Amino acid sequence: MAKNGLKSHAALLSAVVFLALWWMGAHWGNFRHLPAPEEVLMIMVEETASGRLPYHLGATLTRVAVAFMLAMLLGTAIGFLMGRFRTVNSALDLWLVVLLNLPALVIIILAYVWFGLNETAAVGAVALNKLPNVIVTIREGARALDPDLDQMAKAFRLNWRKRLFDVLLPQLQPYLAASARSGLSLVWKIVLVVELLGRSNGIGFQLNMFFQLFDVASIIAYALSFVAVMLAIEVIVLQPLELRANRWRVRTT
Amino acid sequence: MSAPLEIHIARKTYRGAEGGTVEAVRGLDLKAAAGSLTALIGPSGCGKTTSLRILAGLDTDFEGRIVLAKEARVGIVFQEPRLLPWRTVDDNVRLVLDKPDLFDPAPLFEELGLAEMRNRFPTELSLGLARRVAIARALAIEPDVLLLDEPFTSLDETTAQRLRHLVVEIWRRYRPTTLMVTHNVREAIQIAERIVLLAPRPSHVVAEVMLDLPQEERDEAYVEAKRTEMVRDWPGLVA
Ligand SMILES: Nc1ncnc2c1ncn2[C@@H]1O[C@H](COP(=O)(O)OP(=O)(O)OP(=O)(O)O)[C@@H](O)[C@H]1O
Ligand SMILES: [Mg+2]
């Protein structure tokens, strides 16, 4: 507990130091395009009151959520099959490598060119960017499955539900958590690019607009709001989930 | 509801990782009448676990055949406990039941000395305790066929003795057709109706020893006399 308290104190302290440095830099420094923290805060409040920030934030978050789920579901299924069956692995391995090395921008542009400037193309392109990472991670997990437990499940004739929820998923859980973690951060970065290139709402669209107006304060205000939301999701949703899933591990301290 | 069983393994070979092959079993034929209790004794690595796995239907890559009613419930205690580390002791046992809500595991846990452990996770248990949970799991399904692969190793002698009595008692009560692999000749003489001796790899049956005396009448002297007799007759196989 004491250790935990110390950790959150350290986090708080570093945030305060960062804000102080920012404030000093904006007021006393010689940076032309560094707005002061209070200026950014004002914009956040204004934009929230006008409803613009929540609207664009909502649009972006919806895209993040859908693309994330899509990539996780598909990636888990494909990664599992590749890890379990050699033929599936050799059939898909080449495409996996191609996808892994294809720059995000190429996928996005091609998706827009081929499928039009619509929501499906946008979300699909994001999911496709995330997909190979999920596949690679889950494939590793599927290869590490314990054959002894599999035999146990067979010997006791467990039904498919128990095999899935009691035997399989708990073994994949660390891999799922790892790909979810890295996945969320990757997805939201790519979503902004997709919005910038071909959508008329969302944080990415707004950032592009402010960039053209050279409104740095608004750019920071929007970016920070979004980061805050993602941080909250991490702390409020992901971390407690992981803690719960890891309850059974022996505490070694 | 015990079921008779037969194992006929003409040949079982493993392919090694580097392409070589290991012939684990050759010409092993074994029958067990419904409700019988058989102990299997054989040198380490002779193919006992392999044979049990084949009997349980976990390995179908062999030459030969198995006779075992499809609907027979098979309770198996593996050589290692094989519990789910992310489920409590209680949930590990409930997992294998078709209707876990209708089952009260308390008496079983009590008999196995696990009453205190019900809400622990397997990672918090000693190997001996984990073995007991594995035994509880196999007994909980009220098996028609009970397969035990060295179930009492790594237990202290008092606990092992108690569990031997428990297994015999459960066997009396429900009469599952029981096969128990062991290295411990005294243990086999104490509880089995019949001891089957297996040859070193590739394994097959060398001899069968019938023990007619009821288990509760077998005292130290009887066990020792039988053992001496067996050591004399099969010096290489029985220690
Ligand atoms: N998966 C496997 N791949 C290759 N060889 C194997 C495999 N499993 C077992 N063997 C080999 O087959 C032989 C029989 O193994 P098995 O586990 O059945 O022996 P065992 O009689 O149960 O031995 P122990 O008393 O030590 O448990 C051994 O020589 C072992 O090395
Ligand atoms: Mg063995």
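Tutor: Let's start with the angle words: under 35 degrees counts as roughly parallel, over 145 as roughly antiparallel, 65 to 115 as roughly perpendicular, and the rest as oblique. The model is predicted, so local features need pLDDT of at least 70 and side-chain atom pairs need 80 or more, while totals for chains, interfaces and linings use all residues. Residues are numbered from 1 along each chain as its sequence is written, chains are lettered from A and ligands numbered from 1 in the order written, and side-chain values use heavy atoms, leaving out hydrogens and water.

Now to chain A, where helix α8 covers residues 160–198 and helix α9 covers residues 203–213. (Helices are DSSP runs of H or I with at least four residues, strands are E runs of at least two, and both are numbered from the N terminus.) The axes of α8(A) and α9(A) come within 7 Å and cross at roughly 60°. An axis here is a line fitted to C-alpha atoms, for helices over the stretch in contact, with angles from 0 to 180 degrees between N-to-C directions. So α8(A) and α9(A) are oblique to each other.

Who does the touching? On the α8(A) side you'll find A:Leu192, A:Glu195 and A:Leu196. They meet A:Ile203, A:Gly204, A:Phe205, A:Leu207 and A:Asn208 in α9(A), where contact means heavy atoms within 4.5 Å. Sort the residues of this contact by type and you get five nonpolar, two polar and one charged. (Ala, Val, Leu, Ile, Met, Phe, Trp, Tyr, Cys and Pro count as nonpolar, Asp, Glu, Lys and Arg as charged, and the others, Gly among them, as polar.)

Next, follow A:Ile203 and A:Phe205 to another partner: both are in contact with A:His56. Leaving aside neighbours within four places in sequence, A:His56 also touches A:Asn201, A:Gly202, A:Gln206 and A:Tyr222. A:His56 sits in helix α3 of chain A and is buried, with a relative accessible area of 7%. (Buried means under 20%, exposed over 50%, and partly exposed in between, using a 1.4 Å probe and protein chains only.) For a sense of distance, the C-alpha atoms of A:His56 and A:Ala177 are separated by 28 Å, and these residues are 121 apart along the chain.

That brings us to the helix that holds A:His56. Helix α3(A) spans residues 52–84, and its axis comes within 4 Å of the axis of helix α2(A), residues 37–50. This pair crosses at roughly 80°, which makes α2(A) roughly perpendicular to α3(A). Here A:Met44, A:Glu47, A:Thr48 and A:Ser50 from α2(A) meet A:Arg52, A:Leu53 and A:Pro54 from α3(A).

One last stop takes us back towards α8(A). A:Arg157 lies in the loop between α7 (147–155) and α8 of chain A. Most residues other than glycine have a negative phi. A:Arg157, however, has a positive phi, near 50°. Is A:Arg157 buried or partly exposed? A:Arg157 is partly exposed, with a relative accessible area of 46%, whereas A:His56 is buried at 7%.
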